[in-house]
Amino acid sequence: MTPTSSYTSSGTGRRSQEFTPATALRGFLSHSGRKAAELSPGYERVWEHIAQITDAGRGLQQELVMTSVEAYPARPTRPVLNAVAASFELLHTAIVLRADAGGLRGMARAAQAADGATSGSAWQDDDAAAQGHTNSALGAAEGAAGSDPAGWADRDGSRADLTSAAGDLALTGAYRLIATSRAPETRMLRLLEILDESVFHAAAGERLVAQVARRTQPVPHDKALDAIRLAIAVPCYEAPLRAGAVLGGAPTAHVTALATIGRSLGVAHQLTGELRAAAGSPDAAGEAGSAGASPVLTPDRCTVAGVLVEAGDYAAEWQALRERAVRQPLGDDDVAHARDLLDRSGAARSVARMVDTAVRRAKDTMAATDLPPALAQSLIAWLERETTV
């Protein structure tokens, strides 16, 4: 009997092998959208927004799951793989949406801080609203956040509140995809543990991003690095690689090594995004949402390059640009000034060295663990492609 799945075949009767994680995810989102429409048109639009954010991504998380699982011989059937890979893609969507909601809530406070903050702690706290726009530190976001259909929330309520609700729904969807994947029970439990760890780390990273983004004084650059690791590298890079290895029946040592490799990949990828933004690459401008924006100067963004500039001789000039960015889009002269400061301060060169260190750590771990050659080759090729400025 041909294996089928409600999300991989979508009731068409076609062979499940014809479907991919992307089609599995589309099937899940379409099914959820239809159920939502039966309850409320406004609720259906929330699911449409989840689908839009998901479609705007590059599919990196499902790619990492499949790259990892296909290197091992004990992998389950294709419908199971599709559902699990789709789950980690939906986790990424949830992180982007939660970050977007936090950024929307935080912009008014950021503007007030720019107007009134002349002193105070660099670690001002706000338990009521964790604000940093985590997506802004994301190559993981692949330019997805901010792709808001005009007026999608205005008809039904606050955009921030509905975006937050969409993030929560995407997260529960990620759990549901694993729970209904029909993975072997012992592997399913391990997959749920990986998902739990990812959410736990992402929440801690989201809070750290908020603290760094709201800084009123220079902060250590390792705090910004920690934010990237927690909010992005663990859930969006480490977790998919580990999940694929678990599904494929990999040895425990390989799963552990892929955790280290995934974190290094994530850090290297995000820092490369900062370097591309500093260099004014077309990709960076596109991710920022407009050619006139500078991703490294988004006011609620957590960037290593930014905190490095603020720790040196050009802190006042950089801070002035950040404060101006809170109030209005920066012009071309401002963006050029920011890139000049990144260069003159040495921040861009320091970030480049951090990328090299992360890449070297990933490659050393691969060599020491004796991963399957096909998996190691794929990851090295990905690193070389994605960390080139």
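Colleague: At what angle do the axes of helix 11 (residues 315-327) and helix 12 (residues 332-344) cross?

Modeller: In this predicted model, the two axes come within 10 Å and cross at roughly 145 degrees. The crossing of helix 11 and helix 12 is left-handed.

Colleague: What makes the contact between helix 11 and helix 12?

Modeller: Helix 11 contributes E317, W318, L321 and R324. From helix 12 come D334, H337, A338, L341, L342 and R344. By class, the residues of this contact are five nonpolar, four charged and one polar.

Colleague: Why is helix 8 called roughly parallel to helix 14?

Modeller: The axes of helix 8 and helix 14 (residues 373-386) come within 10 Å, and their crossing angle is roughly 15 degrees. Angles under 35 degrees count as roughly parallel, so helix 8 is roughly parallel to helix 14. Helix 8 passes helix 14 in a left-handed crossing.

Colleague: Which residues make that contact?

Modeller: On helix 8 they are L258, I261, L265, A268, H269, T272 and R276. On helix 14 they are L375, L379, W382, L383, R385 and E386. The contact of helix 8 with helix 14 has eight nonpolar, three charged and two polar residues.

Colleague: Where is S264 placed, and why is S264 called buried?

Modeller: S264 lies in helix 8, which spans residues 252-279. Its relative accessible area is 4%. Buried means under 20%, so S264 counts as buried. Leaving out residues up to four places away in sequence, S264 touches A358, R361 and A362.

Colleague: How many salt bridges are counted?

Modeller: The count comes to 14 salt bridges.

Colleague: Why is the pair E70 and R78 called a salt bridge?

Modeller: The closest N and O atoms of E70 and R78 are 3.8 Å apart. The cut-off is within 4 Å, so the pair of E70 and R78 qualifies as a salt bridge.

Colleague: How do you know whether E70 and R78 are buried, partly exposed or exposed?

Modeller: E70 has a relative accessibility of 44%, and R78 has a relative accessible area of 27%. Buried means under 20% and exposed over 50%. E70 therefore counts as partly exposed, and R78 is partly exposed too.

Colleague: What makes E386 and R385 a salt bridge?

Modeller: Their side chains meet at 3.3 Å, N to O. With a cut-off of within 4 Å, the pair of E386 and R385 therefore counts as a salt bridge.

Colleague: Why do E386 and R385 fall where they do in accessibility?

Modeller: E386 has 5% relative accessibility and so counts as buried, the limit being under 20%. R385, at 46%, counts as partly exposed, because exposed means over 50%.

Definitions and conventions
Residues numbered from 1 in each chain as written. Predicted model: local features only at pLDDT ≥ 70, side-chain atom pairs only at ≥ 80, totals over all residues. Heavy atoms only, no water. Helix = DSSP H or I, 4+ residues; strand = E, 2+ residues; numbered from the N terminus. Buried < 20%, exposed > 50% of the residue type's maximum accessible area, 1.4 Å probe, protein only. Contact = heavy atoms within 4.5 Å. Axes fitted to C-alpha atoms, helices over the stretch in contact; angles between N-to-C directions. Left-handed = near helix turned anticlockwise from the far one by under 90°. Nonpolar A, V, L, I, M, F, W, Y, C, P; charged D, E, K, R; others polar. Parallel < 35°, antiparallel > 145°, perpendicular 65-115°, else oblique.
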